[in-house]
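Reader: Please take me through the charged side chains of this model, one step at a time. I would like a close look at how they pair up.

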Amino acid sequence: MKLSARLAATADVSAVQRDALFALMEQHYDNVRRDIFEVDLAEKPQVILITEPGGTLCGFSTQMLLDAEIDGRPVKALFSGDTIVHRQHWGDRALAHVWGRLALALIDAHPDTELYWFLISKGYKTYRFLPLFFREFYPRHDLPTPAWARAVIDALALSRYPDDYDARTGVIGTGPWQYRLREGLADVTPERLRDAHVRFFHARNPGHRRGDELCCLAPLTRGNFTPQAYRVIGPEPVPLEVS
């Protein structure tokens with residue numbers, strides 16, 4: 001079953017669609033609250049909606065652009081909020097395709113701007129997206145995180161999570177509001193730990209099962225995407241409207 005995905009304005013998401021998106025969150029996460037879900041949705045101006053061939057919503061990812069100042073210089077970062085794809089569709093590329101087109105559109109729209117993807121990850125599947133899509137990203141198992149990347153991560157994380165972010169570990173700690181993947185979904189098994197990236201994520205974020213999130217960064221430049229990323233993104237026949 002081939003999925004479809006599109007970038008939509010959050011303001012255009014109907015009440016029925018909101019109910020469907022929240023139901024997806026409840027199916028895959030524990031400790032989900034409707035009020036927090038609505039806050040995340042309202043804050044993000046755009047959302048990637050993923051549908052089955054019949055039009056049933058089966059995934060989504062909210063998106064926004066952050067602004068920060070690092071050592072006196074302005075930077076921007078694409079930030080993804082609530083994100084889920086129904087487990088029966090894990091491995092489908094529809095979300096990655098549209099997200100990649102959004103990232104490329106932002107690169108073209110801000111040619112003179114220092115631009116990044118700021119990712120916070122409570123699961124190895126999300127973290128595993130970094131080595132698949134990017135040549136350079138941090139933190140990672142095979143290279144130390146350079147000072148400039150730590151500074152950007154700290155600035156972005158502290159601006160959004162001043163009470164929960166630990167700069168020593170690079171992890172956003174769990175609060176009473178935090179949701180977490182349901183048991184049995186994306187568990188870190190001995191087999192998964194054979195993967196160096198999964199092993200690194202598990203070691204750097206040992207509290208991921210309770211909802212702790214590892215803060216990660218990748219420069220958003222065309223040259224930083226891997227060949228595999230471009231195969232997933234494919235041609236860009238229609239420019240995306242970015243905000």
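**Charged pairs**

Author: Glu 38 and Arg 18 form a salt bridge, with their closest N and O atoms 2.7 Å apart. Glu 38 sits in helix α2 and Arg 18 in helix α1 (residues 15-28), so this pair ties together parts that are 20 residues apart in sequence. Keep in mind that the model is predicted. Is Glu 38 buried, exposed or in between? Its relative accessibility is 23%, so Glu 38 counts as partly exposed. Buried would mean under 20%.

Side chains of opposite charge can pair when their charged atoms come close. By the salt-bridge rule, the count here comes to 16. Let us look at two others.

Take Arg 33 and Asp 35. They form a salt bridge, and the closest N and O atoms are 2.6 Å apart. Arg 33 has a relative accessibility of 40%, so it is partly exposed. Asp 35, at 41%, is partly exposed as well.

Now go further along the chain. Arg 168 and Asp 166 meet in a salt bridge of 3.0 Å, N to O. Arg 168 is exposed, because its relative accessible area is 76% and the exposed class starts over 50%. Asp 166 is partly exposed, at 22%.

Some bridges share partners. Arg 18, Asp 19, Arg 34 and Glu 38 are joined in this way into one network. The opening pair, Arg 18 and Glu 38, belongs to that network.

Next, a charged residue without such a partner. Glu 52 is found in the loop between β3 (46-51) and β4. Glu 52 is buried, yet it has no salt bridge. Where is the nearest side chain of opposite charge? That side chain is Arg 87, and it is 12 Å away. Glu 52 does have a polar contact, though: its side chain is joined to that of His 89 at 2.9 Å.

Charged residues also turn up in the largest pocket. That pocket has a volume of about 1500 Å³. Its lining counts 50 residues, and Lys 125 is one of those that lie nearest the centre. By class, the lining has 26 nonpolar, 12 polar and 12 charged residues. Which element gives the largest share? It is β5, with seven residues.

Note on methods: Residues are numbered from 1 along each chain as its sequence is written. This is a predicted model: local features need pLDDT of at least 70, side-chain atom pairs count only at pLDDT 80 or more; totals for chains, interfaces and linings use all residues. Side-chain values use heavy atoms; hydrogens and water are left out. On a 1 Å grid over the protein atoms alone, a cavity is a set of points where a 1.4 Å probe fits but cannot get out, and a pocket is an open set with protein on both sides within 12 Å along at least five of seven lines; lining residues have an atom within 4 Å of a point. Grid points are joined across faces, edges and corners, and a volume is the space filled by probe spheres set on the points. Helices (H or I, at least four residues) and strands (E, at least two) are DSSP runs, numbered from the N terminus. Ala, Val, Leu, Ile, Met, Phe, Trp, Tyr, Cys and Pro count as nonpolar, Asp, Glu, Lys and Arg as charged, and the others, Gly among them, as polar. Buried means under 20% relative accessible area, exposed over 50%, partly exposed in between (1.4 Å probe, protein chains only). Lys and Arg count as positive and Asp and Glu as negative; His and the chain ends are not counted. A salt bridge is a side-chain nitrogen of Lys or Arg within 4 Å of a carboxyl oxygen of Asp or Glu. A polar contact is a pair of N or O atoms within 3.5 Å; within protein, one must be able to donate a hydrogen and the other to accept it, and residues adjacent in sequence count only if both atoms are side-chain atoms.
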